[in-house]
Amino acid sequence: MTSTFPNISISTERLVLRPLDEDDVPALAEMMNDEQVAAWTHVPQPFSEDGARHWISEYAPAERESGRGLDLAVTEFLTQRLVGIVQLTKTNWHIRSTELSYIIAPWARGEGYASEAALATAHWLFGDQKFERIELRTAADNTASQQVAQKIGCISEGVLRNACIARVSTEDGTWADVRTDFIVWSLLPEDLEGTGEQLADSGGFTSYGDWN
């Protein structure tokens, strides 16, 4: 049985999830410099275009080829504009489990893109890849991320106390680490019953042969 993710493009009514490519460098760098991204992720700050280029050309392909995970650009179907990222990490191929996370550009928030992209990824993982568990971890104060988890049907399993490092902006414009809790969520195949209509007219999942 396979132990790496395939080259894949996933379509929904409004979005296309595809591999990151060189053309995404400027938009990716801009998105990663947002204050909310800085606060709730481990992305280096400030985030340069060189950092974006390294992510696209080296980090993401290495994650997929090693079987550890998958990084997908989330783009608008009509404009092809980059609106976010979906990441799969800490993949365990023996138990068919992976951890899912998402980042949405500040200008694209409030449109339901995070839940649409996460739900599409979950359907693909459970249906095409035969996964049995998806895990999400949200910082205790990251209510927006928690709302996405709830919207797609995740079940809260508990709290990992003091397990998360978030960041706060300081008076001198730098970032300082603060320790907080992780809320652990899980999504199983049976949790997606009744959510299929949200992928209506999606066109399914297609291979993406040009990805390195």
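**Values and definitions**

Modeller: I begin with C154, which counts as buried because its relative accessibility is 7%, and buried means under 20% relative accessible area, exposed over 50% and partly exposed in between (1.4 Å probe, protein chains only). This is a predicted model, in which local features need pLDDT of at least 70 and side-chain atom pairs count only at pLDDT 80 or more, while totals for chains, interfaces and linings use all residues. Residues are numbered from 1 along each chain as its sequence is written, and side-chain values use heavy atoms, with hydrogens and water left out.

Colleague: Why is C164 called buried?

Modeller: The relative accessible area of C164 is 6%, and the limit for buried is under 20%; therefore C164 is buried.

Colleague: What makes Q80 exposed?

Modeller: Q80 has a relative accessible area of 64%, and exposed means over 50%, so the term applies to Q80. Q80 lies in the loop between β3 (70–76) and β4 (82–92), where strands (E, at least two residues) and helices (H or I, at least four) are DSSP runs numbered from the N terminus.

Colleague: Why is the phi of Q80 worth a remark?

Modeller: Most residues other than glycine have a negative phi. Q80 is not a glycine, yet its phi is positive, at about 65°.

Colleague: Is R96, which also has a positive phi, buried or exposed?

Modeller: R96 is buried, because its relative accessible area is 8%. Its phi is about 55°, although R96 is not a glycine, and R96 is found in the loop between β4 and β5 (97–104).

Colleague: Which peptide bond is cis at P46?

Modeller: The bond from Q45 to P46 is cis, with omega near -5°. Most peptide bonds are trans. P46 has its place in the loop between α2 (35–40) and α3 (49–66).

Colleague: How do you know that the radius of gyration agrees with a compact globule?

Modeller: The rule is 2.2 Å times the number of residues to the power 0.38, and the radius is taken over C-alpha atoms. For 212 residues a compact globule would have a radius near 17 Å; the protein chain has 17 Å, so the value agrees.
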